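Some labels in a structure description rest on cut-offs.

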Amino acid sequence: MQFPAAVTAGRIAELVGGELVGHDDIDLAGIASLESAGPGDLTFVSAHRYLKALRHTKATAALLPDAFRSEPAGCSTLIIVEEPLLALRSLINRLVPSGQPDWAVHATATIGHGTRWKNRITIARGAVIGSNVSIGADCTVGEHAVIEDDVVIGDACAIDAHATIHRGAVLHDRVAVRSGARVGGPGFGFVRAPHGHARIPQAGTCHIHDDVDIGANSTVDRGSIGDTVIGAGTKIDNLVHVAHNVRVGTRCIIMAQVGIAGSTVVGDDVMLAGQAGLADHLTVGAGARVAAQSGVIGDVPAGSTVSGYPARDHRSVLRQAATLSRLTPLVTTLERMIDRHE
């Protein structure tokens, strides 16, 4: 990532509120990873596992936390900050232009009767907006996105290309729905009938609160009778499925390919790592962490870390794995002893 113009290390330290160790007058042209950085680049280190790469980087300067200031580094200039990733975010927002939307309604967009919006809006080519939709100020609707009837969208929301917001869904302020995502579609509800499986009408809706980000090709189903709710500040990665009547708390992190079955409750500040699967009607307590590829079939206590299938206390899983590893040579010895006595 290149800066529009070269910036001195001293100026960058000022912008991020960091402590400069080294040369303040060297020019930095952009930001790059530890491995790909070259002369004139600024890089960053956020965790211990990157310290080896720091020793070999060809970058000119690096953003580091105070704990790493004495680590060997391939660059001669360091900028010490409390949290490198937050400093990097601030720096990009200040120095790299993001571009402004073209505030306009494209001639090929279709807009239903009674739909209204506040202030500026972007509605791109081929977008379809139904009837009686309410959209707040400074929203963008991408190419071929679909917003069905009676949807309510707050201020500064982004509905990206080919995303769909189904009938009656409610999105609060600063919600982002990435390309191909589906919000408020019918959940998977069927009952056995004499001639097969009959669909149960999905009469609830879907509430997405402030500052939620829903990744590409993810799905958040509407409630069957009540509502599906995603709490404020929660971030959902690509290819995630949230089933009907699920209630997700605030500030959760839900990573790629997670599946949450119907009516499960996820507390505040929970982290669900990639490919974790949660069965229906469970409760995951506030602050819990579910490791990648875990299968959760029972409640998870608040503040705990679980892994494996069925998911259980992570330390217990590690101890069991270590015990099994130690048992393997004993089993081999026992088998040899049996062979000698046969």
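This is a predicted model: local features need pLDDT of at least 70, side-chain atom pairs count only at pLDDT 80 or more; totals for chains, interfaces and linings use all residues.

Residues are numbered from 1 along each chain as its sequence is written, and side-chain values use heavy atoms, with hydrogens and water left out.

Q: Why is leucine 42 called buried?
A: Buried means under 20% relative accessible area, exposed means over 50%, and partly exposed lies in between (1.4 Å probe, protein chains only). Leucine 42 has 0% relative accessibility, so it counts as buried. Its contacts (heavy atoms within 4.5 Å) include Ile12, Leu28, Leu63 and Ile79, leaving aside residues up to four places away in sequence.

Q: What makes strand 1 and strand 2 stand at the edges?
A: Strands are DSSP runs of E with at least two residues, numbered from the N terminus, and two of them pair if DSSP finds at least two bridges between them. Six strands form an open sheet with mixed pairing, in the order 1-3-4-5-6-2. Strand 1 (2-8) and strand 2 (19-21) each have a single partner strand, so one side of each lacks a neighbour in the sheet.

Q: What makes strand 3 and strand 4 a pair?
A: Two bridges join strand 3 (residues 27-31) to strand 4 (residues 41-44), and the strands run parallel. That meets the requirement of at least two bridges.

Q: Why is the contact of arginine 178 with aspartate 160 called a salt bridge?
A: A salt bridge needs a side-chain nitrogen of Lys or Arg within 4 Å of a carboxyl oxygen of Asp or Glu. The closest N and O atoms of arginine 178 and aspartate 160 are 3.6 Å apart, which meets the cut-off. Arginine 178 lies in the loop between strand 18 (176-177) and strand 19 (182-185), and aspartate 160 in the loop between strand 15 (158-159) and strand 16 (164-165), so the pair ties together parts 18 residues apart in sequence.

Q: What makes arginine 178 partly exposed?
A: Its relative accessibility is 31%, so arginine 178 counts as partly exposed.

How values were computed
Helices (H or I, at least four residues) and strands (E, at least two) are DSSP runs, numbered from the N terminus.
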